[in-house]
Amino acid sequence: MSKRWNDTGSKLPIILIFGALVHGAYADGYRNPPPTAEGIAKSGANMAFVDDASAISYNPANLSLQTNKSFVVGAAIAQLQTKYTHPILGGYESDDPWQPLPSVYFSTPLGDQGTAVGIGISTPYGQGLAWNASDFSSFIPSPPPPTAGPVPYEASMALINFNPTVSTMLGDKVALGVGLDIMYSAVELKALIPNAPPLDSKGEGDGWGFGSNIGLTWLPTERQRVAFTYRSKVDIDYKGDFTVEGADYGAFGTTINLPNSIGLGYGVQVSESIQIEALIEWLEWSSNKTQPLDAGVYGSNPQENNWNDTVTMGVGGSWRLTDVFAFHAGYSFIETPVPDEAITPLLPDADRHVIGLGLGYTVAGHALDISYAFSIYEARTRPAGAPGDPSGDYDIDSNLVGLTYSYSF
C-alpha cells in the first residue's frame, strides 16, 4: 500500500513568527543547512573567504577583515521526500512542502583598529516530521497486548539562535572572533497510546541553551587563508505539559544536546577572479547517546539513540565572471550520526553527497545571490529488532534553494 504523510506546523507562536520550524528539511542530525545562498552553493565550504556579516555563522574572525558595515538577510528553503517500506505493512511516501529557514545579520567596524562587532539571528538547528495518526494506528495490534508501547507519529524541534560577536586583528596576519550562542527552542512530540481505539497523546515544552564560539583566520600570504572554528556544546532542557486526549496528565520533559563542533578550512585566491577553499568539520553527535524523556503519569522513558560523531568534508569555489556576476559551486560529503539500528521515520537521516550551484549579482554595494543544492542520499535499512521497532528500508531525496540579499555600506 502507499500513503502520503501530512506535514503540519507546531503551535509555537514565537518560533512561527521567525519561521524557524522545519520538518525534516535537510537531516544532519538536528543541524540545518548553511544559512546563505553562497554557502549553500559552495556546499558549506565558506569559512575562509566569507566577506559579509554572515561570517558570524561561518567564521566570526572574518568580521575584522571587513572595512564596511554589512547587512545580510536571506533564507534557505528546503524540501524533503522520503519513502519508508515496512517489511509487513508496506510502503509509505512523503512529499513535504517547501520550508523556509530565515536568517539576518548585521556587522560594523569600530574605528580603524581592525575591530568589528555584529549580531546574527539564525536557525542552525531544528528538525521534525509529522505523519497521519490514522496511518500509524496500523502499527498497534487489535486488541493491543499489555506490553504494547506508544507509537510516535510526530516530532518537531524549533530553534532560534541569537549570536552577538566581536572580532579583532592580532597583528597583520591573524584575525580572532568570539561570540555567544543564545538559543531558544521548543519541542512537540505526539504518540498513539495503545487502546481500543488508540489514545492521542502530546508532550510539548520549551527551554533555553547557552554556548560560545570562536574563529581564527591566518593569512600566511596575500592569496592564502587558513581558518579554524569551534562551537561549544549546548544542552537544552525542555519543560512543559503532557496531555492525553486533551486532558492534563502531568509534566513533560526532555533534553537535547547540540554538539561540540570543530572546523578547519583552507582557501586560495587562484587568480584575480577565482577563489577555491576546502573544509573539514567534526561534530560530537555522540553526546546524544541517550535522551531522557518524562511523560507525565507514564513516567520516565529514556530513548537510546546511540548516535556517532561525524566528519563533514567539502570543497567550494567562486568565479567572478564579470564586475557584477559571480558563479559559485561546491561539493560535500556529510556523514549521518544515526546508526542503522536507530533510524526512525521521524528522523530519516543518511550519509549523503551534496552538489551546489549558485549565481551572485553585485552592484553599488548591493548583492543578490541565488543557489540550488541537490543531495544524493545513501539508502538505509533498519534491521529487525524488538516488536514495534520501525524496521525496513528508507530512501530519501531533498531539494534546497538559497536566496540572500546583502548590502555593504
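Val-338 touches Trp-307, Ile-343, Leu-347, Asp-349 and Arg-380, leaving aside residues up to four places away in sequence; contact means heavy atoms within 4.5 Å. This is a predicted model, in which local features need pLDDT of at least 70 and side-chain atom pairs count only at pLDDT 80 or more, while totals for chains, interfaces and linings use all residues. Residues are numbered from 1 along each chain as its sequence is written, and side-chain values use heavy atoms, with hydrogens and water left out.

**Val-338 and its setting**

- Val-338 sits in the loop between S18 and S19. Helices (H or I, at least four residues) and strands (E, at least two) are DSSP runs, numbered from the N terminus.
- Val-338 has a relative accessible area of 4% and is therefore buried. Buried means under 20% relative accessible area, exposed over 50%, and partly exposed in between (1.4 Å probe, protein chains only).
- Val-338 and Tyr-361 are 23 residues apart in sequence, yet 39 Å apart in space, C-alpha to C-alpha.

**Nonpolar cores**

- A nonpolar core is a set of buried Ala, Val, Leu, Ile, Met, Phe, Trp, Tyr and Cys residues joined through side-chain atoms within 4.5 Å.
- The largest nonpolar core has 36 residues, of which Tyr-30, Tyr-125, Trp-131 and Leu-258 touch the most other members.
- Two or more residues of this core come from each of strands S6 (151-169), S7 (174-193), S10 (234-244), S11 (247-258) and S15 (293-295).
- Another core lies apart from it, with nine residues, including Ala-55, Tyr-58, Val-72 and Tyr-105.
- Tyr-30 has contacts beyond four places in sequence that include Tyr-125, Met-157, Leu-258, Trp-285, Trp-307 and Leu-347.

**Aromatic pairs**

- The whole structure holds ten aromatic pairs. Rings of Phe, Tyr and Trp (its six-membered ring) pair if their centres lie within 6.5 Å; planes under 30 degrees apart count as stacked, over 60 as edge-to-face and the rest as tilted.
- The Tyr-30 and Trp-307 rings have centres 5.0 Å apart and planes at 40°, so this pair is tilted.
- Tyr-30 lies in the loop between helix H1 (13-18) and H2, and Trp-307 in the loop between strand S16 (303-304) and S17, so the pair ties together parts 277 residues apart in sequence.
- Both Tyr-30 and Trp-307 are buried.
- The Tyr-84 and Tyr-394 rings have centres 4.6 Å apart and planes at 25°, so this pair is stacked.
- Tyr-84 belongs to strand S1 (residues 70-86) and Tyr-394 to strand S22, so the pair ties together parts 310 residues apart in sequence.
- Tyr-84 is buried at 0% relative accessibility. Tyr-394 is buried too, with a relative accessible area of 1%.
- Tyr-30, Tyr-125, Trp-285 and Trp-307 form a cluster linked by ring pairs.

**Cavity and pocket**

- On a 1 Å grid over the protein atoms alone, a cavity is a set of points where a 1.4 Å probe fits but cannot get out; a pocket is an open set with protein on both sides within 12 Å along at least five of seven lines; lining residues have an atom within 4 Å of a point.
- Grid points are joined across faces, edges and corners, and a volume is the space filled by probe spheres set on the points.
- By this rule there is one cavity of 30 Å³ or more. The largest cavity has about 760 Å³ of space.
- It is lined by 47 residues, and the closest to its centre are Arg-31, Asn-32, Pro-34, Ser-57 and Glu-281.
- The cavity lining divides into 24 nonpolar, 16 polar and seven charged residues. Ala, Val, Leu, Ile, Met, Phe, Trp, Tyr, Cys and Pro count as nonpolar, Asp, Glu, Lys and Arg as charged, and the others, Gly among them, as polar.
- The second largest pocket has about 800 Å³ of space. Its lining has 36 residues, and the closest to its centre are Glu-38, Asp-51, Asp-52, Arg-320 and Thr-362.
- The lining of that pocket has ten nonpolar, 19 polar and seven charged residues. S22 gives the most, with four residues.

**Backbone in loops**

- Ser-43 has a positive phi of about 55° although it is not a glycine. Ser-43 lies in the loop between H2 and helix H3 (55-58), and is buried at a relative accessible area of 10%.
- Glu-245, also not a glycine, has a positive phi of about 50°. Its place is the loop between S10 and S11.
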